[in-house]
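Subject: Structure handover

Hi,

Here is the structure for you to look over. My notes on what turned up follow below it.

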Amino acid sequence: MNVRTLKRYVLPNLHYVFLWWLFDKVGEAYRTAYGADKLKKLIGAAAIYLTVLYKKHKKKWRKDIEYGSARWGNKSDIAPYVDPKPDSNIILTAMESLTLN
């Protein structure tokens, strides 16, 4: 196995080993918590679940950033749909219109 294969398969999945270790320790701490009743354990588990859920969806909801390849249109984008005779167009805005044909 060469270094290139190692980088391709092992490095992208290395964080899963860390997450497995972390959640194994959290699970062990949950199981062996001395003196904690079921309600406290449930609240702790819910807090961890909500934290993971928040972090998972954080990158999906970017505020003030446009998604995909969308952009504002300009005059050249609507030009094929405009009739040269202004009376044959539907007015959309002060600058844009579409043909009735």
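Asp83 sits in the loop that runs between α4 and β1. The model is a predicted one, so read every value here as computed from it. Asp83 is buried, yet it forms no salt bridge. Which side chain of opposite charge is nearest to Asp83? That is Lys85, and it is 7.2 Å away. A salt bridge would need a Lys or Arg side-chain nitrogen within 4 Å of the carboxyl oxygen.

What does Asp83 touch, leaving aside neighbours within four places in sequence? Its contacts are Ser88, Asn89, Thr99 and Asn101.

Start with Asn89. This residue lies in strand β1. The relative accessible area of Asn89 is 13%, so it is buried, the limit being under 20%. A polar atom of the Asn89 side chain lies 3.0 Å from the backbone oxygen of Asp83. Not counting residues up to four places away in sequence, Asn89 touches Val82, Asp83, Ser97, Leu98 and Thr99. For Thr99 there is also a C-alpha distance. Asn89 and Thr99 are 10 residues apart in sequence, and their C-alpha atoms are 4.2 Å apart in space.

Now Ser88. Like Asp83, it is found in the loop between α4 (75–78) and β1 (89–91). Is Ser88 buried or exposed? It counts as buried, because its relative accessibility of 17% is under 20%. Beyond neighbours within four places in sequence, Ser88 is in contact with Asp83, Leu98, Thr99 and Leu100.

Next, the surface. Tyr16, Phe18, Leu19, Trp20, Trp21, Leu22, Phe23, Val26, Ile48 and Val52 form a nonpolar patch there. Together they have about 960 Å² of accessible area. Which elements give two or more residues to the patch? They are α2 (14–31) and α3 (38–58). Helix α2 gives the most, with 8 residues. Ile48, one of the patch residues, lies in helix α3. The relative accessible area of Ile48 is 37%. That makes Ile48 partly exposed, because the value falls between the 20% and 50% limits.

Thr32 counts as exposed, because its relative accessibility of 57% is over 50%. The Thr32 side chain reaches back to the backbone oxygen of Glu28, at 2.7 Å.

Last, the chain as a whole. How many helices and strands does the chain have? There are 4 helices and 2 strands. From the N terminus on, the order is α-α-α-α-β-β. Of the 101 residues, 7% are buried. Asp83, Ser88 and Asn89 are among the buried ones. Take the contacts between residues at least 6 apart in sequence: 6% of them join residues at least 24 apart. The chain exposes about 9800 Å². Carbon and sulfur atoms supply 65% of that area.

Best regards

Note on methods
Residues are numbered from 1 along each chain as its sequence is written. This is a predicted model: local features need pLDDT of at least 70, side-chain atom pairs count only at pLDDT 80 or more; totals for chains, interfaces and linings use all residues. Side-chain values use heavy atoms; hydrogens and water are left out. Patches are made of residues with over 30% relative accessible area and no salt bridge: like charges are joined within 9 Å, nonpolar side chains (Val, Leu, Ile, Met, Phe, Trp, Tyr) within 5 Å. Accessible areas come from the Shrake-Rupley method with a 1.4 Å probe; for residues, only the protein chains shown count as cover. Buried means under 20% relative accessible area, exposed over 50%, partly exposed in between (1.4 Å probe, protein chains only). Contact means heavy atoms within 4.5 Å. A polar contact is a pair of N or O atoms within 3.5 Å; within protein, one must be able to donate a hydrogen and the other to accept it, and residues adjacent in sequence count only if both atoms are side-chain atoms. Lys and Arg count as positive and Asp and Glu as negative; His and the chain ends are not counted.
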